[in-house]
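Let's walk through this one together, question by question. Have the viewer open as you read.

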Amino acid sequence: MTETRREFLDTLLFTSLAATALALAAPIPFYLRPPHGRMRRNPAPVGPASGLGEGQGRNVTFGGEPAVVVRIDGKVVAFSRICTHRNCAVNWDSARARFLCPCHGAVFDPGGKPVKGPATRPLEPIPCRVDERGEIVIGG
Amino acid sequence: MAERLSWLEERTGVVSWVRRFFRPVTGRPWSVALGSVLLLLIANQVVTGALLSVYYRPVVDGAHASVREILHRVPMGWFLRGLHVWGAHLLVAAMLLHLVRTFVQGTHRRPGEIVWVTGVLLFAVLLGSAFTGQALPLDAEGYSGLLVASGLASEWGAGRLLLGGDYVTDATMGRMFAVHAILLPLAILVLLSGHIALAARRQSAEPELPTGPPWFWVVGGALLTMLAALVTLAVVSIPGVGVSQDPAGVTPTGVKPAWYFLPFYQALKFIPPWLEPWAPPVGLLTLLLVPWWDRGTKRRAVFVLFFGAFFALVALGIAGAMS
């Protein structure tokens with residue numbers, strides 16, 4: 001009788017300990033999850049448009065995202081530099097008028113469309129304008 | 001003298017404890033030597049890593065500068081970092097040898113399954129340590145590696161968890177540092193204790209293992225050779241730090257990961273994108289289950305598959321290095 005009572009208490013204590021340990025571990029995933037959803041990003045000036053010649057590009061960041069502004073056919077456009085293959089940051093090659101990914105060899109045309117290599121989706125365009133003072137503003 | 005020793009022995013047991021190390025080694029001397037070298041290399045990573053963490057700063061605007069500071073300004077910083085970086089290379093190489101050695105000798109087979117499983121998990125955790133460690137200087141390799149890993153992780157819904165947000169920010173650096181310097185070393189400590197305890201238990205259960213030269217000679221000689229190699233490498237070929245890359249920087253052409261990630265790097269160029277996120281977990285699971293494939297009379301088939309896969313990875317790695 002005492003033996004079974006003792007066994008019962010042992011089991012009870014063990015179960016309580018295990019349950020408490022699990023309960024203590026439960027907040028960890030919530031803690032590790034990044035706090036906000038997609039970062040709120042305000043339109044940001046990234047330098048004068050006059051400094052950007054035809055066919056030239058300028059690397060910028062947009063709320064931490066590597067981005068590039070390029071002047072093509074007189075118009076300033078912006079793209080995310082995150083390669084749609086495996087997320088490396090692509091470079092604008094002004095001589096070849098292509099976006100090149102140095103990691104796995106993806107190539108994109110000035111419109112952001114993939115033309116060679118392992119990428120299949122186009123680069124993500126970012127809204128971009130030139131404001132009244134001649135400043136390039138991305139995200140606005 | 002003998003009287004004093006027996007006084008000490010009676011109170012601590014330390015004399016007979018030390019004498020044990022002069023007994024003949026049991027098992028194959030080369031295996032014992034390789035195991036002790038692995039342990040030494042892990043200890044080296046712990047000590048030099050702890051010292052590097054004194055000066056390292058895990059922030060986007062400062063990580064690279066702090067590594068440069070360790071290299072060029074901190075007295076002997078270049079040496080301690082050299083030991084850490086070369087130690088990592090040698091550790092992965094020694095671990096691969098240890099894995100192949102175990103497979104060839106067949107110690108993973110029954111009843112060695114759990115030792116093998118803990119060993120493969122250690123291998124995975126150490127590769128994770130190597131990856132997070134390379135991200136810390138935030139040079140071009142580290143930055144691109146982070147981006148690629150986040151792309152793969154996001155296939156499993158864990159991309160933001162890895163980076164601590166959508167892009168590489170200070171949150172990312174904090175995560176990488178915590179994982180590299182605290183969480184993974186803790187995991188290694190737990191796994192390694194289990195691995196060694198189980199391996200020792202298994203070995204002592206074997207009735208007739210051949211004995212060889214004194215244990216101390218085997219292990220001492222191996223450690224001395226390894227330390228000499230490590231120090232020579234750290235002094236003769238000081239590992240530099242790659243060019244700094246912040247998110248607005250140009251990604252240099254030919255950016256590549258460390259040699260042991262090259263097979264995967266090369267594979268990413270041509271395997272279908274849906275397959276990529278599956279490759280690491282499936283590879284790990286296959287390796288974990290080797291003791292269960294390799295049973296009874298199937299040894300030859302498993303041998304061919306194991307070395308077929310091994311040399312395929314080597315070939316991919318070489319192709320990646322030359323591309």
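The turns below go through the strands, the contact between the chains, the salt bridges and a surface patch.

Q: Is strand E3 (residues 65–72) of chain A enclosed or open to the outside?
A: Keep in mind that this is a predicted model. A residue counts as buried when its relative accessible area is under 20%. In strand E3 of chain A, 8 of the 8 residues are buried, so the rest of the structure leaves the strand largely enclosed.

Q: Which residues of E3(A) point the one way, and which the other way?
A: In a regular strand, side chains alternate between the two faces of the sheet. In E3(A), one group is Glu65(A), Ala67(A), Val69(A) and Arg71(A), and every residue of both groups is buried. Pointing the other way are Pro66(A), Val68(A), Val70(A) and Ile72(A).

Q: Over how many bridges do strand E2 (residues 57–62) of chain A and E3(A) pair?
A: Here is one pair to find on screen: Asn59(A) has Val68(A) in E3(A) as its bridge partner. The hairpin of these strands has 2 residues between them, and Gly63(A) takes a positive phi near 60° there. The pairing of E2(A) with E3(A) is antiparallel, and the number of bridges is 6.

Q: Which residue in E4(A) stands opposite Val68(A)?
A: E3(A) also pairs with strand E4 (residues 75–80) of chain A, in the antiparallel sense over 6 bridges. In that hairpin, 2 residues lie between the strands, and Asp73(A) takes a positive phi near 50°. Opposite Val68(A), the residue in E4(A) is Phe79(A).

Q: Which strands stand at the edges of the open sheet of 4 strands in chain A?
A: The order in this antiparallel sheet is E5-E6-E7-E8. Within the sheet, strand E6 (residues 98–100) and strand E7 (residues 107–108) of chain A pair over 2 bridges, with Leu100(A) opposite Val107(A). An edge strand has a single partner strand, so one side is left without a neighbour in the sheet; these strands are E5 (91–93) and E8 (114–116).

Q: What area is buried between chain A and chain B?
A: The contact brings together 27 residues of chain A and 32 residues of chain B. On the chain A side, Pro34(A), Arg86(A) and His104(A) lose the most area, together 29% of what that side buries. Carbon and sulfur atoms give 55% of the buried area, which comes to about 2300 Å².

Q: Which residue of chain B meets Arg86(A) in a salt bridge at 2.2 Å?
A: Across the interface of the two chains there are 2 salt bridges. Shared partners join Arg86(A), Glu155(B) and Glu276(B) into one network. The residue whose side chain meets that of Arg86(A) at 2.2 Å, N to O, is Glu276(B).

Q: How many residues apart in sequence are the parts tied together by Asp294(B) and Arg109(B)?
A: The two side chains meet in a salt bridge with an N to O distance of 3.5 Å. Asp294(B) is in the loop between helix H13 (290–293) and helix H14 (299–322) of chain B, and Arg109(B) is in the loop between helix H5 (77–105) and helix H6 (113–135), so the separation of the parts is 185 residues.

Q: How far apart are the closest N and O atoms of Arg57(B) and Glu69(B)?
A: Arg57(B) is in the loop between helix H3 (29–52) and helix H4 (63–72) of chain B, and Glu69(B) is in helix H4. Arg57(B) is partly exposed at 36%, and Glu69(B) is partly exposed at 26%. In their salt bridge, the distance between the closest N and O atoms is 4.0 Å.

Q: What is the area of the nonpolar surface patch that includes Trp17(B)?
A: Trp17(B) is found in helix H2 of chain B and is partly exposed, with a relative accessible area of 47%. Other members of the patch include Met1(B), Trp7(B), Phe22(B) and Trp215(B), and the area is about 1200 Å².

Definitions and conventions
Residues numbered from 1 in each chain as written. Chains lettered and ligands numbered in written order. Predicted model: local features only at pLDDT ≥ 70, side-chain atom pairs only at ≥ 80, totals over all residues. Heavy atoms only, no water. Patch = residues over 30% accessible without salt bridge, like charges linked within 9 Å, V, L, I, M, F, W, Y side chains within 5 Å. Areas by Shrake-Rupley, 256 points an atom, 1.4 Å probe, with all protein chains shown as cover. Buried < 20%, exposed > 50% of the residue type's maximum accessible area, 1.4 Å probe, protein only. Pairing = 2+ DSSP bridges. Contact = heavy atoms within 4.5 Å. Buried area = accessible area lost by both parts, 1.4 Å probe.
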